[in-house]
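Subject: Handover of a structure

Dear colleague,

Please find the structure below, together with its sequence.

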Amino acid sequence: MSLTVISSVYEVCSDAAGIAGNIFAFGLFLSPISTFRRIIRNGSTEQFSGMPYIYALLNCLICLWYGFPIISPGIILVTTVNSIGAVFQLIYIIIFIAYAEKPMKLKMLGFLVSVFAVFASIVFVSLQFLNSSSRQLFVGYLSVASLISMFASPLLIIAPNGIGTVLGTVQLALYAYFKRASQGELRHPLIVP
């Protein structure tokens, strides 16, 4: 096969994967709608956490920046999907703030301002201090880290219990191990005549 055929097949596959990724990401961005219908219907954020939407907004902004031609030429689909995602997350956060109690409103507003400050800092550093290849690497690694934090953020709800479960399991395993070991030692006399 010629190099042009391989290149053409690669481009078609790359575009197809990008479009499929956009469709799946769009579905992901729509998934909280039922939660926000409930918040609006009940007039309260109840026990819902706004942090997943804060993390998702930061992630979308960083990935949006990564998709810009000045950072990564030729991946415009990354820019389009993350611009849509950022709008969705911002709408979710605004609704959350509107229906939250006052202390939570202030906390969420602080987080929202922090997200924009972090994003502005990333843009500033990447434009002012890094060359093209370093800029792409820097924003790319931040994008990966933000993706991990976004997908891990719902685990914040279970983290104390999850950590306690893991530590409790380790403690029980150690107890069982040493109990068996100590029972074997009890069969031998402590003092040999």
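Which residues make a nonpolar surface patch of about 510 Å²? The patch is made by V166, V170, L174, Y177 and F178. Patches here consist of residues with over 30% relative accessible area and no salt bridge, with like charges joined within 9 Å and nonpolar side chains (Val, Leu, Ile, Met, Phe, Trp, Tyr) within 5 Å. Accessible areas come from the Shrake-Rupley method with a 1.4 Å probe, and for residues only the protein chains shown count as cover.

Before the remaining findings, a note on the basis of the values. This is a predicted model, in which local features need pLDDT of at least 70 and side-chain atom pairs count only at pLDDT 80 or more, while totals for chains, interfaces and linings use all residues. Residues are numbered from 1 along each chain as its sequence is written, and side-chain values use heavy atoms, with hydrogens and water left out.

The structure holds one salt bridge (a side-chain nitrogen of Lys or Arg within 4 Å of a carboxyl oxygen of Asp or Glu). Its partners are E46 and R38, whose closest N and O atoms are 2.7 Å apart. E46 is partly exposed, at a relative accessible area of 30%, and R38 is also partly exposed, at 37%.

I turn now to the packing of the helices. Helices are DSSP runs (H or I, at least four residues), numbered from the N terminus. Axes are lines fitted to C-alpha atoms over the stretch in contact, and angles run from 0 to 180 degrees between N-to-C directions.

Helix 2 (residues 33–42) and helix 4 (residues 76–99) have axes that come within 10 Å and cross at roughly 25 degrees. These two helices are therefore roughly parallel to each other, the cut-off being an angle under 35 degrees.

The axes of helix 4 and helix 5 come within 9 Å and cross at roughly 155 degrees, so helix 4 and helix 5 are roughly antiparallel (over 145 degrees). Helix 5 (residues 102–128) also packs with helix 6 (residues 132–152), at an angle of about 160 degrees and with axes 9 Å apart. Helix 5 and helix 6 are therefore roughly antiparallel to each other as well.

Yours sincerely

How values were computed: Buried < 20%, exposed > 50% of the residue type's maximum accessible area, 1.4 Å probe, protein only. Parallel < 35°, antiparallel > 145°, perpendicular 65-115°, else oblique.
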